[in-house]
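These are my notes on the model you sent, as numbered points. Please read them with the structure open.

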Amino acid sequence: MSFTQHHFALFVSLAYIDLLTPGCTESDWIPFRNSCYLFSHDTMNWTKAKDYCEEKGALLLKIEQFVTNFAKPHDYWVGLTDQNTGQWRWADDTPYTMNREHWSPGQPDDWTEHGLGEGGEDCGQIAYNGMLNDAHCSTKMKYICEMQN
Ligand SMILES: [Ca+2]
């Protein structure tokens, strides 16, 4: 299955399943394949989003298959950061292999003119265009948790 099909199915689920669904123990979590996904409505900084997902027994989204037609008109934190080691890693501390085809043109750029405090941009988000960008970790943003069943 291609990642396009994967996410099409995910968003079909998101659009039409709005109930407590067998397979996911909490409402608002969307079952797909062997995981449950939460597309948050609230916003948090990256670290709080990561902690929230982990409190739920989940992870900030670790994207195994990439998104090209991300249909939601929002930015979401995903579980990518280079703030600890300078190397991009997933929130479960596994390494991320850089593939610039998954990033918006010119990203990650570690931009420093954001006016949000010290440092550049060390946390990964997925934008409405389905592409990755690095943003300042203190930014409050929606987030996606993934819980593997
Ligand atoms: Ca950036």
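1. A definition is needed before the rest: a residue is buried if 20 or more other C-beta atoms lie within 10 Å of its own, exposed if 12 or fewer, and partly exposed in between. The model is predicted. Met 147 has 19 C-beta neighbours inside 10 Å and therefore counts as partly exposed.

2. Met 147 belongs to strand E8, residues 142–148. Leaving aside neighbours within four places in sequence, its contacts are Trp 29, Ser 35, Cys 36, Lys 56, Gly 57 and Ala 58. Leu 38 is 109 residues from Met 147 in sequence, while the C-alpha to C-alpha distance between the two is 8.4 Å.

3. On the chain as a whole: there are two helices and eight strands, in the order α-β-β-α-β-β-β-β-β-β from the N terminus on. The chain has 149 residues, of which 27% count as buried. Taking contacts between residues at least 6 apart in sequence, 64% join residues at least 24 apart.

4. Which strands does E8 pair with, and in which sense? E2 and E8 run antiparallel and are joined by five bridges; here Ser 35 has Gln 148 as its bridge partner in E8. E3 is also antiparallel to E8, with two bridges, and Leu 59 is partnered by Glu 146. E4 runs parallel to E8, again over two bridges, with Lys 142 of E8 as the bridge partner of Tyr 76.

5. The largest nonpolar core contains 26 residues. Those with the most contacts inside this core are Tyr 37, Leu 60, Trp 77, Val 78, Tyr 143, Ile 144 and Cys 145. At least two core residues come from each of E1 (29–32), E2 (35–39), H2 (46–55), E3 (59–60), E4 (76–81), E6 (123–126), E7 (132–135) and E8. E4 gives the largest share, four residues.

6. Tyr 143 deserves a look in the viewer. Not counting residues up to four places away in sequence, Tyr 143 touches Ser 40, Met 44, Ala 49, Leu 60, Tyr 76 and Trp 77.

7. Helix H2 has four buried residues, Trp 46, Ala 49, Lys 50 and Cys 53. These lie on the same side of H2, because they cover an arc of only 100° around the axis. An α-helix has 3.6 residues a turn, so residues three or four places apart point the same way. The buried residues of H2 pack against E3, E4, E6 and E8.

8. Are the faces of E6 covered or open? Both are covered: Cys 123 and Gln 125 are buried on one side, and Gly 124 and Ile 126 are buried on the other. E6 pairs with E4 in the antiparallel sense over three bridges, and Cys 123 is the bridge partner of Thr 81.

9. E6 is also joined to E7, antiparallel, by four bridges, with Ile 126 opposite Leu 132. The two strands form a hairpin with five residues between them. Gly 130, in the turn, has a positive phi of about 80°.

Definitions and conventions
Residues numbered from 1 in each chain as written. Predicted model: local features only at pLDDT ≥ 70, side-chain atom pairs only at ≥ 80, totals over all residues. Contact = placed C-beta atoms within 7 Å. Core = buried A, V, L, I, M, F, W, Y, C linked by C-beta atoms within 7 Å. Pairing = 2+ DSSP bridges. Arc of directions from axis to C-beta.
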